[in-house]
Amino acid sequence: RSLAVFLAIACGVSAQDHEHDDHEFIELHGSGTTNPSKYFWKIMDLFEEQAHQNVRLTYRAVGSSTGQKEFAGADNGGVAFTNFGAGDIPMTQERYDSVVASGRTMVHIPFVIGAVAIFHSVPTARFAGELDLDGCLLARIFTRNITTWDHPDILAANPSLDVPAGQNIEVVHRTLGSSSTSGVTEYLSDVCPEFWTLDTGSTIDWPADTNAAQGSGGMSTFIASNEYAIGYIDAGHGHDLGLSEISLRNKNGNFLTSKEADIGAAATEALAAGILPADATASFADVNLYDQAGDKTWPITLMSYMYLNQNLTEYDQAGQLLMAFVGYVLSEEGQAMAASEFSFVPVPVEIQEYNNATIMSMALAADTTPYIFESAETTQVGVGAGEFVISGKRRSYGEVERDLLQKQIDAVVSRIGAVESSATVTTLHGSGTTNPSKLFWKAMLQFEDRALLPLHLTYRAVGSSTGQKEFLGADNGNMSFTDFGAGDIPITSERYSQFTSAGRTVVHVPFVLGAIGIFHSVPASNLSGQPLDLDSCLLARIFDGDITTWDHEDIKAKNPSLDVPADQPIIIVHRNLGSSSTAGTTQYLEKSCPSEWTRGSGSTIEWPAGAQPQEGSGGVSSYLKATPYAISYLDSGHGHSENLAEISLQNADGNFLTTKQADISKAGAEALKLNIIPSDPTADWSEVNLYDLPGSDTWPITLFSYFYVNQDLRSLNQTGQVLKAMIQYILDEPSLVEEFRFAAVPKEIYDYNMQTLGDLMLAPDTTPMMFENETMVGTGAGSFVISEKRRSYLDVEHDQMMDTMMMLQMQVNELTTQVNTLNSGNQEGTATTATCSCDDYDDSQLRAVAGASMALAIVALIIALVCACKMVTSGGSSGKKDGANIQHQPSISEHSMGDRKEGMQKV
């Protein structure tokens, strides 16, 4: 039925115009079942956006039972808490009786229909066609009377089923109350009472050897993740996830799935059979649509109802708003929305006619005006501007934006579908150290956005040790779980031997350098403007607990200008969980001052009593900022970003310097020069470290981060080419590396890596990836090109935010200078005001300081908001190609790898 029919009905009840206060809110409030909540909320939003009047509509998704209780209002003297209720079950007899006892007459309006289906995960190779069950077989499975898939009665119904002997049936059920549990249990109780020995309702006691899952999502995840499982889910949800469905026998003896069934037929049959009361004001407590007759009728069908008072006169104009809302829900437009956007089945024509008669019986206040609708397609001149018009011509930007976003989503889905239909997706998966994870995720996102070839790249940040274990795959027959690993430490000697024993040749590719700095919180006033100098042995004695106060004579000898309170304790702060910074610091101390460092090395050690454990770099920096006279170690970029004071550490050449003053990448070049790095990248790297290497500006606590890669990548097909290209890309982009506070490798290490990459063995029928930075007409459009000319809006938005950040930072710097200048001038004026009279006082400078300070605060707030937006957009993940045939894809032609970019800068 079109919306006009329901408008005519409403207008027939009352068409009298009246004056109305534009500033008064007309309110409508409902509560009940969660299933149609999004559907209701969308219509309510449309009403609020498109109404001339101030209307407010709300719906609380609290469950069918609570919706009934609040509409009945038994705890409120029989007065409803809401204007309407909603549920997936009829009003219970007890609650219906309480409504009648309060002097109210209620009606049920069935507005959508849903199906509960039975889904399973028996491998499709184990049977032909579909798995057939009748109600009694299903009842016996759910009660655990039948526990295995090879039970004779199941095999009799499914002769083609071939499963392992004694294969257990994994029954899964909802863990909390749900209408789907109620529907399934009541259906089984109706059709097979001799075998259904459990209770009925939204929650029941299931057998102990069944599995519980929360929500439809939990049910579907369990079924998808566990072979030989069976459970019940709302049909639309199960179909959306591509689950296999049981073919269930209906009352006419036909086996069918919910996709093959006519879901609405159950309601038509129930009406014809007199199951729905002829009088809509009667009790619906015994109404159900289970196992109705009909060749294509689905046996587990439920209707969702609105619970309304027949007499709406006390609601005044809100009664008309409720009628307009009900009318839209039941209209052709509203039913189409329920079906297309929310996976409901519209009520059939016969139920619509039943609802029309119910609406005609309802009473509205005589001095109220029905609402009418002006469609978005047809302008009603003058009439459309009326007070009681819900106009499709009147929209909010939010609605327009939603429509635009939906069109964009549809276009992307269409594009992905087109790509997936013509090409498989080339995947690349890695795992390992958390430190460069954001660097990896950004590079992977850029590859996915800029490639014509469909790519799916992932990286799990699980730590260096786990990355080594998963790349080795000792628990997988020494077959790697991943395509590459990554770590801040070389592969251990033990694991390297396992690689060799398994016949695999692994290479290390050092791709960035990181520095660990020593930071402190000795007040600047105690330092007399001088840096705080320590050598490795002093640091070892402090962290070892041998030196416990800042005024220790050996510290004072290195720092004669240091002026601290007598016996001021040194507070040691350390990471409480394993970390590469703990490993790096302790290994450095063990190497550079073994005579003083007694606590060994590693990602976790036993620290002196009284040392303060903190979680993560953030915990350490927060402690240092909040507590004076503390000392700790941090990755240098983090410490600098928090504006922490840094220890000036003595390097191997005897020079005291901070990480800001050092050339971080120089340690890598020195390690290569001193043959610390093996000349053969396939050799054992377990003894490689960059601690305390020579060089006037070499930093003493420097670490490589490594790719772990099989030298033979032929089994990866095109994925091998993508992996090589990603490593090349990270090595060629020092600005990308430095964005994440790493130092790019020096030229000597870069050249070493190029030799390593050049020796990788790749499948002969694959194509090297190449890069388009400047426009390459024709070539840039190739399938195996990573093109800077092909971007995502996320990438563009990120660049815009960075530009905004730079502009705002310049404004902050300028305003800071102004405030400092004005403060300085104000202090000079203060020195002479003792001789001035109050009448001579001029507060213009104070106002200027206040104005500049306020501007500075506002700009700082804007920067914080932009940073938050940047974090959100940068943290997102790219769209995945669900449903594609994902595999390592071989390809055909060849292109050359792009040359390395110039302009590498020193950190």
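Leaving aside neighbours within four places in sequence, I find Thr-659 in contact with Ala-515, Ile-516, Gly-517, Ser-636, His-640, Glu-646, Ile-664 and Trp-699. A reminder to myself: this is a predicted model.

I looked up where Thr-659 sits, and it lies in the loop between β26 (656-657) and α23 (666-673). Is Thr-659 buried or exposed? Its relative accessibility is 4%, so I note Thr-659 as buried, given that the cut-off is under 20%. Next I checked its side chain for a polar partner: it makes a polar contact with the side chain of His-640, at 3.0 Å. His-640 is also one of the residues on the contact list above.

On to α13, which covers residues 349-360. I get 12 residues and a reach of 17 Å from the first C-alpha to the last, close to the 16 Å expected at 1.5 Å a residue. Which residues of α13 are buried? I list Ile-351, Gln-352, Tyr-354, Asn-355, Asn-356, Thr-358 and Ile-359.

Last, a helix pair. Two packed helices are described by the angle between their axes and the distance between the axes, and I looked up both. For α16 (residues 464-472) and α17 (residues 493-501), the angle is about 10° and the axes are 10 Å apart. Angles under 35 degrees count as roughly parallel, so I put α16 down as roughly parallel to α17. The crossing of α16 past α17 is left-handed. Where they meet, α16 brings Ser-465, Gln-468, Lys-469, Phe-471 and Leu-472, while α17 brings Arg-495, Gln-498 and Phe-499.

Conventions
Residues numbered from 1 in each chain as written. Predicted model: local features only at pLDDT ≥ 70, side-chain atom pairs only at ≥ 80, totals over all residues. Heavy atoms only, no water. Helix = DSSP H or I, 4+ residues; strand = E, 2+ residues; numbered from the N terminus. Buried < 20%, exposed > 50% of the residue type's maximum accessible area, 1.4 Å probe, protein only. Polar contact = N/O pair within 3.5 Å; in protein donor to acceptor, adjacent residues only side chain to side chain. Contact = heavy atoms within 4.5 Å. Expected span 1.5 Å × (residues − 1). Axes fitted to C-alpha atoms, helices over the stretch in contact; angles between N-to-C directions. Parallel < 35°, antiparallel > 145°, perpendicular 65-115°, else oblique. Left-handed = near helix turned anticlockwise from the far one by under 90°.
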